[in-house]
Amino acid sequence: MTSSETLTGGVQPRPVVAGLPRYAAGKPPAAVDGMASYKLSSNENPLPPLPAVLEAIAHQADFNRYPDPLSSRLRAELSGFLGVPAEDIVTGAGSLGALNQLLATFAGRNDDGTPDEVVYAWRSFEAYPISVGLSGAKSVRIPVTADGRHDLRAMAAAVTARTRMVLLCTPNNPTGPVLGTAETEEFIRRVPPHVVVVIDEAYQEFVRSEDAVDGLAMYRKFPNVVVLRTFSKAHGLAGLRVGYSVSSPVLTQHIRVAATPFAVSQIAETAAIVSLQNYPQVVERVQSLVEERERVTAGLRSLGWAVPDAQGNFVWLDLGEHSAGFAELAGTQALSVRAFPGEGVRVSIGEVEANTRFLQLCANYTNAPRGS
């Protein structure tokens, strides 16, 4: 018996846990003498919440009480903002919390021990295999195309009698491209109607592609579609953990059963409501980040880098075996970036100075992926 087994009395986790990857959160930047440090590793909004939001939550003091488990005030505000019935909205602890509620509802392990299957593109959001595995379901990963896009034909072909859910991440994190309207609708029509199609739109506010699919339009057309959104990115509320799903009543009636009680705190609900009420200011801030994203992508391409279409608040560098080394080099410049060893590097759009320093680093880097 090992020392760890002795300390725990031999208690072991479920077998599935041992085989799951560990979620690797973006690391903070290292301190470098004479340089301001910037964290570009977590796709965070570098701007704080709106002043009106900070003012609204500054004196909230009802934390001796449990929050409303249905987030009724927020759902009412979202109903008017999105033009959907409040009953079609289920809140969660960020869009990831909302996704976990969907998996708990629709995918897992059957009474005979066989796992359901969940199909998604890969590489995509790194929490997907963890969440799917913990639900008891089996991940079916379909490689993205060379330019970082979902291979929808291959994903449709991967749907079997065991498939219970498909995850579509648009824009795709970490590669950046967005799904188009026509291709997404064609895909959904090919998927059996009993399979839940989740359109994960965590970065929806940053999208500028005219052809980009609108998840809400798909939800209105297809009763098996669920849309995921969050206040973490555009609204700058990542630390408060508030997201939600939108789906038809035939789905929400079941999702509410599996929803985590009290997942959205009072302060998170208030912050989200006030941010929605001041949405024009959110749009202004998002646009400033989009303009920085465009400056960065244009700068990379002018240097000869091959960069996938970036529609989120990040860019993807297809560095393969050089990914870890590039991240280390960025650290010497007081920049933290998110390396996926052997695959690539995701770099969040941050402060202007941080983005400029990143471009300078790329200008002097010798292993850049070049366009054809």
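Residues are numbered from 1 along each chain as its sequence is written, and side-chain values rest on heavy atoms, with hydrogens and water left out. Because the model is predicted, local features were required to have pLDDT of at least 70 and side-chain atom pairs pLDDT 80 or more, whereas totals for chains, interfaces and linings use all residues.

Side chains of opposite charge can pair when their charged atoms come close. The structure holds 14 salt bridges, a salt bridge being a side-chain nitrogen of Lys or Arg within 4 Å of a carboxyl oxygen of Asp or Glu. One of these is formed by the side chains of Glu269 and Arg73, with an N to O distance of 3.8 Å. Glu269 belongs to helix α11 (residues 266–277) and Arg73 to helix α4 (residues 72–82), so that this pair ties together parts 196 residues apart in sequence; helices (H or I, at least four residues) and strands (E, at least two) are DSSP runs, numbered from the N terminus. Glu269 is buried, with a relative accessible area of 4%, while Arg73, at 45% relative accessibility, counts as partly exposed. In these assignments buried means under 20% relative accessible area, exposed over 50%, and partly exposed in between, for a 1.4 Å probe and protein chains only.

A salt bridge is also found between the side chains of Lys221 and Glu185, at 3.0 Å from N to O. Since Lys221 lies in helix α9 and Glu185 in helix α8 (residues 181–190), the pair ties together parts that are 36 residues apart in sequence. Lys221 is partly exposed, at 49% relative accessibility, whereas Glu185 is buried, with a relative accessible area of 15%.

Within helix α14 (residues 352–363), Arg357 and Glu353 are four residues apart and are therefore separated by about one helical turn, and their side chains meet in a salt bridge with an N to O distance of 3.1 Å. Here Arg357 counts as buried, at 9% relative accessibility, and Glu353 as partly exposed, at 44%.

The C-alpha atoms of Leu103 and Glu117, which are 14 residues apart along the chain, are separated by 11 Å.

On the surface, Glu183, Glu186, Glu210 and Asp211 gather in a patch of negative charge. Such patches are made of residues with over 30% relative accessible area and no salt bridge, like charges being joined within 9 Å; Asp and Glu count as negative, and the place of a charge is taken as CG of Asp or CD of Glu. Accessible areas come from the Shrake-Rupley method with a 1.4 Å probe. Glu210 is found in the loop between β6 (196–200) and α9 (215–221) and, at 86% relative accessibility, counts as exposed.

Most residues other than glycine have a negative phi, and most peptide bonds are trans. Against this background, the peptide bond from Trp122 to Arg123 is cis, with omega near 10°, and Arg123 lies in the loop between β3 (117–122) and α6 (127–135). A cis peptide bond also joins Asn173 and Pro174, with omega about 25°, and Pro174 is located in the loop between β5 (163–169) and α8. Ser71, although not a glycine, has a positive phi of about 50°; Ser71 is placed in the loop between α3 (51–58) and α4 and is buried, at 1% relative accessibility. Phe262 has a positive phi as well, near 60°, but this residue, in the loop between α10 and α11, counts as partly exposed, at 38% relative accessibility.

Technical notes
Patch = residues over 30% accessible without salt bridge, like charges linked within 9 Å, V, L, I, M, F, W, Y side chains within 5 Å.
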